[in-house]
Amino acid sequence: MTIKEVDPKIIGKAKVWLEENYDADTRKAVKEMMDNDPAELVECFYRDLEFGTGGLRGIMGVGTNRMNKYTVGAATQGLANYLKKALMNESEIRAAIAYDSRNNSGLFAGISAEVLAANGIKVFLFDSLRPTPELSFAVRYLKCHTGIVVTASHNPKEYNGYKVYWSDGGQLVPPHDKNVIAEVQKIESVGDIKFSGHPENIVNIGEDIDKEYISTLVSLSISPDVIKRQSDMKIVYTPIHGTGYKLVPEALKAFGFTNIQTVKEQLTPDGNFPTVVSPNPEEKAALELALKLAKKVNADLILATDPDGDRVGVGVKDNNDNYILLNGNQSASLLIYYLIRQWKIKGKLTGKEFIAKTIVTSELLKDIAISHGVESYDVLTGFKYIAEIIRKFEGQKKFIGGGEESYGYLVGDFVRDKDAVAACALLAETAAWARNMGMSMYEMLINIYQEYGFYLEDLISITKKGKSGAEEIQAMMDGYRNSPPREINSIPVEVIKDYKLQKEFNLITGDEKPIDLPKSDVLQFFLKGGSKITVRPSGTEPKIKFYFGVKGQLPDKSQFDKVNAGMRAQLEEMIAAMKLR
């Protein structure tokens with residue numbers, strides 16, 4: 001590609017970044033791309049970063065499509081402008097800001113704090129890195145109107161991001177998210193951003209919030225007596241160079257666990273994540289060191305959190321004494337089963353309790369809840385929608401817990417985002433309860449399958465980077481939407497849910513009915529026999545994701561391996577039929 005082939009609009013956007021109000025390094029980098037790398041220029045400027053399911057997220061670098069001082073500044077100025085309009089009757093607008101271990105996270109958090117302060121907003125800035133759920137807690141505890149956490153969650157080291165929270169401690173949802181974006185888009189030049197002024201509006205916070213957070217978290221424990229009997233249960237934990245290094249061990253100790261082994265090589269926060277290719281607890285490679293330590297010490301449980309401490313991966317022993325990693329659906333099912341069962345035993349169920357899960361998460365959670373008289377609500381992908389439904393029923397119904405297949409879980413409602421710190425503590429309590437009952441977590445899972453049905457899921461992610469990749473992903477979605485499959489692997493499709501059209505189509509009866517959820521570019525195909533396939537572009541990564549789920553029966557625990565193999569084969573056949581593997 002030559003510079004002459006680049007869209008003039010892109011060149012125009014890039015030239016703005018050559019003006020004197022941008023710093024010298026930025027101007028130099030833009031000039032270098034214009035002279036020598038027009039393809040990279042296109043990637044950096046062809047669009048503006050937008051809020052998706054996880055907020056603002058992108059590769060760090062110069063340009064409107066990159067995370068840098070100016071895109072973070074513009075986002076924060078847009079947020080400030082919206083806050084002042086929406087809260088004009090407030091005498092003082094308050095914000096909390098936290099950041100993770102990624103490169104430039106502290107820098108971006110500082111810029112955000114300075115921009116808000118310069119706009120007359122009081123800012124509570126954490127004095128060092130903290131897990132995302134603690135930011136959600138701090139927003140509520142400090143009675144803030146908004147919050148920001150600088151993180152790109154489990155993305156590769158080149159990425160960073162920026163999530164915005166509202167006064168309830170949940171991430172922005174409509175109309176606030178769209179309104180903030182609208183304000184950002186009104187910013188015509190870097191001169192519109194107040195980068196400095198009124199530093200007295202910034203207050204540092206730290207250990208005082210940690211103590212309140214841990215203290216409140218301990219109140220979630222349902223079986224302290226069981227933990228006391230199983231306090232020596234061996235737990236291996238790794239923060240994968242992230243923010244969980246301090247609070248997860250503290251939380252486990254506060255719950256009563258005394259035998260916690262940490263993966264020393266991954267204990268130090270480091271934005272380069274030197275021991276892993278990707279700091280994602282969904283990937284086995286990220287847990288290799290934890291698995292190695294678990295084998296060495298004969299651990300009962302493996303826990304691994306991502307860089308910002310909101311997702312957790314879980315490892316347990318199978319019936320052959322080999323360590324396996326549970327997927328997000330399995331961990332969520334174990335956690336929800338334990339919580340609901342214990343609530344029932346303790347006489348806490350009144351008929352006004354509920355759980356929440358995302359539409360791509362296993363239906364097993366719903367089956368467990370309904371069998372105990374607990375309501376289950378489906379929401380769109382993104383934990384902000386679970387926070388939204390908690391707020392909707394506040395004062396009317398009690399939230400027990402919720403989860404998503406992508407390793408995010410929440411217990412209780414004092415945090416309004418997925419919370420790996422709390423999840424680690426409650427999953428450890430679940431393991432202790434199982435151990436106290438004379439079984440492993442793995443055996444507990446098999447018992448759940450036998451009682452409620454055997455669910456097996458898989459996820460296929462296809463990465464399509466850059467502008468051309470985004471266009472390919474959109475073309476795939478258009479193809480499925482305009483010419484949906486009538487059968488998959490020779491199994492008839494009975495129902496199609498189109499969340500963009502907000503309609504459900506029954507292909508057997510011809511009936512249509514509305515879907516009472518916000519618009520989203522998601523398609524679901526429900527097949528005869530109970531299989532479910534969901535197709536959606538990621539809101540935070542250059543990926544299109546295919547979620548597969550099948551359901552079977554497990555008449556007897558001794559047949560687990562046979563049934564599991566048969567269902568796995570069925571899944572693979574469905575994936576192959578869609579030419580995805």
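Predicted model: local features only at pLDDT ≥ 70, side-chain atom pairs only at ≥ 80, totals over all residues.

Biologist: OK, what volume does the second largest pocket have?

Modeller: The second largest pocket has a volume of about 550 Å³. A pocket here is an open set of points on a 1 Å grid over the protein atoms alone, where a 1.4 Å probe fits, with protein on both sides within 12 Å along at least five of seven lines. The volume is the space filled by probe spheres set on the points, which are joined across faces, edges and corners.

Biologist: And which residues are closest to its centre?

Modeller: They are Asp48, Thr64, Ala74, Val184 and Ile187, out of the 22 residues that line this pocket, where lining means having an atom within 4 Å of a point.

Biologist: Which helix gives the largest share of the lining?

Modeller: That is α4, with 4 residues, and α1 (8-16), α4 (69-86) and α7 (176-186) each supply at least two. Helices are DSSP runs of H or I with at least four residues, strands are runs of E with at least two, and both are numbered from the N terminus.

Biologist: How does that lining divide into nonpolar, polar and charged?

Modeller: There are 14 nonpolar, 4 polar and 4 charged residues in the lining of the second largest pocket. Ala, Val, Leu, Ile, Met, Phe, Trp, Tyr, Cys and Pro count as nonpolar, Asp, Glu, Lys and Arg as charged, and the others, Gly among them, as polar.

Biologist: Switching topic, are the faces of strand β7 buried or exposed?

Modeller: In β7 (residues 235-238), Ile235 and Tyr237 on one side and Val236 and Thr238 on the other are all buried, meaning under 20% relative accessible area with a 1.4 Å probe and protein chains only.

Biologist: Which strands does β7 pair with?

Modeller: β7 pairs in the parallel sense with β8 (residues 260-262) over 3 bridges, and 4 bridges join β7 to β9 (residues 301-305), again in parallel; two strands pair if DSSP finds at least two bridges between them. The bridge partner of Tyr237 in β8 is Thr262, while Val236 stands opposite Ile302 in β9.

Biologist: How far apart in space are Arg130 and Gly244?

Modeller: From C-alpha to C-alpha, Arg130 and Gly244 are 7.7 Å apart, although 114 residues separate them in sequence.

Biologist: And where is Gly58 found?

Modeller: Gly58 is found in strand β1 (residues 56-59) and is buried, with a relative accessible area of 5%. Not counting residues up to four places away in sequence, Gly58 touches Leu49, Met67, Glu158, Tyr159 and Asn160.

Biologist: One last one, what does Gln342 touch?

Modeller: Gln342, which lies in helix α12 (residues 328-345), is in contact with Ile222, Ser223 and Trp433, leaving aside neighbours within four places in sequence.

Key. Residues numbered from 1 in each chain as written. Heavy atoms only, no water. Buried < 20%, exposed > 50% of the residue type's maximum accessible area, 1.4 Å probe, protein only. Contact = heavy atoms within 4.5 Å.
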